[in-house]
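Could you walk me through this protein chain, one question at a time?

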Amino acid sequence: MKIFEQNDIRDIDAETIRREGITSDALMERAAKTVSDWVLQNVDSERKIVIVAGPGNNGGDGLVVARHLSLCFDVTLYSFTGTNGKRSADNALNADRLKNSRVHYLENPHDIEFPQGCLIIDALFGTGLSRPVEGELANVIHQINNSGCEVLSIDLPSGLGNEDSLKHLDHYIIVKATHTIAFQMPKIAFFMPEAEQFVGNVTITDIGLNGEAIAEKTTRFFFTEKGDITPKIRLRSRFAHKGDMGRAMIFAGSYGMMGAAQLSAKACLRSGVGLLTMTIPQCGYEIMQIGVPEAMVVTNGKTSLEWTDKMADTRLKAIAIGPGIGRDEQTTSFVSHILYIYNSIPKVIDADGLWHLSKIRRSGEMPSLENAVLTPHDAEFDNLTTPHLTRKERLDDASLFATTNKCIVVLKGANTAICLPDGTIHFNSTGNPGMATAGSGDVLTGIITALLAQGYSTTDAAIIGVFNHGAAGDRARDVHGEQALIASDIIAEL
């Protein structure tokens, strides 16, 4: 699914109007009807409806909704146009249509009232705002948020603004919606943790935007669903043997951190790798041989990994480095050697591997990251680059890092964002808060490594791996619940 920035959505609206020979007002009717239908299906007809509308097209949507709902509900409409009284053309048209309706209509009121238990419909600004709300309407938003009433926002909670606004949300006055009804496709704000407290429960409604216009419009944002993944999964030949399924090596573990090595190994094996070698320190030898008998084991160093010239293996199809390797000084040198020796093959860099990579990068000896998949959480990415205040800032920098270094950055979290070297960003649709648990990232490392070893491209391995990781986590949640879910449960559901 394509995800568009606000200016692109406006272009698609215009193309829909042009190609289908309809008026902009007719498109507004379509959009508003989906909101009215939701209210009719979910709200008791005895409840009062209070709609707060602004002067633009989001306000116009609110005016149409008021007209529709007045046939079944007691509807009060507060319409704000500011000191100059200006409205958008479609807003003005629908204001005229309300003159003979049953709507209790008040324009630019000095006092507004929200009866106890009413449903407030927010149609102040939607996506049509790129600066903080000030003055009278800031007070209106404060009143909405302090009313104790259920709030439904049309398309986007007012004050959340466009994509650039997401970098500075702490400075904004924003409606805190209980529900948001978004038109046609998710908004980028829905994938940002800073926006979670404002958007509430999200419903996407189809307003009939032209399919060809959507297909022709380019974007750098996508939303990955099951239908995107299934065709990419390769079926095995019945004559396949383990050598056909790829050889992988994972450099993992240190004293007290062998659990990370085991989790990544088990996930890699469960994800279809043919032959897996775990390179670990000597202290973890028995742990690994007993815990994961399917994996071969090579040891180097006593309690943490150390470099030796015997470590190069030309048969490998993929490697991973990082789970539980620790942060000893000598390990930085080890990571540097591995990234140099295995420069040309696909690789996953995770966890402590990313910490050492940041040290190497600051020393000015940055290795090539082409063919690499980096899987940082927010703090790891900030350590690798620079501190960020919001997810949107971090996402923009992760995309820049991916394009500059010709690598893939998997920025983990809710709706994990896979940033590709071509500048596109793919948000994931699977996963749940129960996966915020120790070892979950080690499992993801193993999954992606297995896919790389089987010959999947770095792009497909990252996107499929993240999706499968989240899908297994969702199944594990259904078995154990979010609170009780642990990383091993994710592996069991792969």
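This is a predicted model: local features need pLDDT of at least 70, side-chain atom pairs count only at pLDDT 80 or more; totals for chains, interfaces and linings use all residues.

User: How many helices and strands does the protein chain have?

Analyst: Helices (H or I, at least four residues) and strands (E, at least two) are DSSP runs, numbered from the N terminus. The C-alpha atoms of the chain fill a box of roughly 85 × 45 × 40 Å, taken along the principal axes. The count for the protein chain is 17 helices and 18 strands.

User: What percentage of the residues is buried?

Analyst: Buried means under 20% relative accessible area, exposed means over 50%, and partly exposed lies in between (1.4 Å probe, protein chains only). The protein chain has 494 residues, and the buried share of them is 55%.

User: What share of the contacts with a separation of 6 or more comes from residues 24 or more positions apart?

Analyst: A contact here means heavy atoms within 4.5 Å. Among contacts in the protein chain with a separation of 6 or more, the share from residues 24 or more positions apart is 73%.

User: At roughly what angle do the axes of H9 and H15 cross?

Analyst: Two packed helices are described by the angle between their axes and the distance between the axes. The axes are lines fitted to C-alpha atoms, for helices over the stretch in contact, with angles running from 0 to 180 degrees between N-to-C directions. Helix H9 covers residues 258–270 and helix H15 covers residues 440–453. Their axes come within 7 Å and cross at roughly 40 degrees.

User: Which residues in H15 meet H9?

Analyst: From the H9 side, the residues involved are Ala260, Leu263, Ser264, Ala267 and Cys268. Their partners in H15 are Asp442, Val443, Gly446, Ile447, Thr449 and Ala450.

User: Is Asp442 buried or exposed?

Analyst: Asp442 sits in helix H15. Leaving aside neighbours within four places in sequence, Asp442 is in contact with Ala260, Leu263, Ser264, Pro323 and Asp350. Because its relative accessibility is 12%, Asp442 counts as buried.

User: What is the phi of Asn108, roughly?

Analyst: Most residues other than glycine have a negative phi. Asn108 lies in the loop between strand S4 (104–107) and strand S5 (119–123), and its relative accessibility of 25% is why Asn108 counts as partly exposed. Although Asn108 is not a glycine, its phi is positive, at about 50 degrees.

User: Where does Lys406 lie?

Analyst: Lys406 also has a positive phi in a residue other than glycine, near 55 degrees. Its place is the loop between helix H14 (391–405) and strand S16 (408–411).

User: How far apart in space are Met1 and Ala215?

Analyst: Met1 is found in the segment before strand S1 (2–3), and with a relative accessible area of 36% Met1 is partly exposed. Beyond neighbours within four places in sequence, its contacts include Met185, Pro186 and Phe221. Met1 and Ala215 are 214 residues apart in sequence, while their C-alpha to C-alpha distance is 10.0 Å.

User: Which residues does Asp460 touch, not counting residues up to four places away in sequence?

Analyst: Asp460 lies in helix H16 (residues 458–480). Asp460 and Ile229 are 231 residues apart in sequence and 8.9 Å apart in space, C-alpha to C-alpha. With residues up to four places away not counted, Asp460 touches Lys232 and Gly465.

How values were computed: Residues are numbered from 1 along each chain as its sequence is written. Side-chain values use heavy atoms; hydrogens and water are left out.
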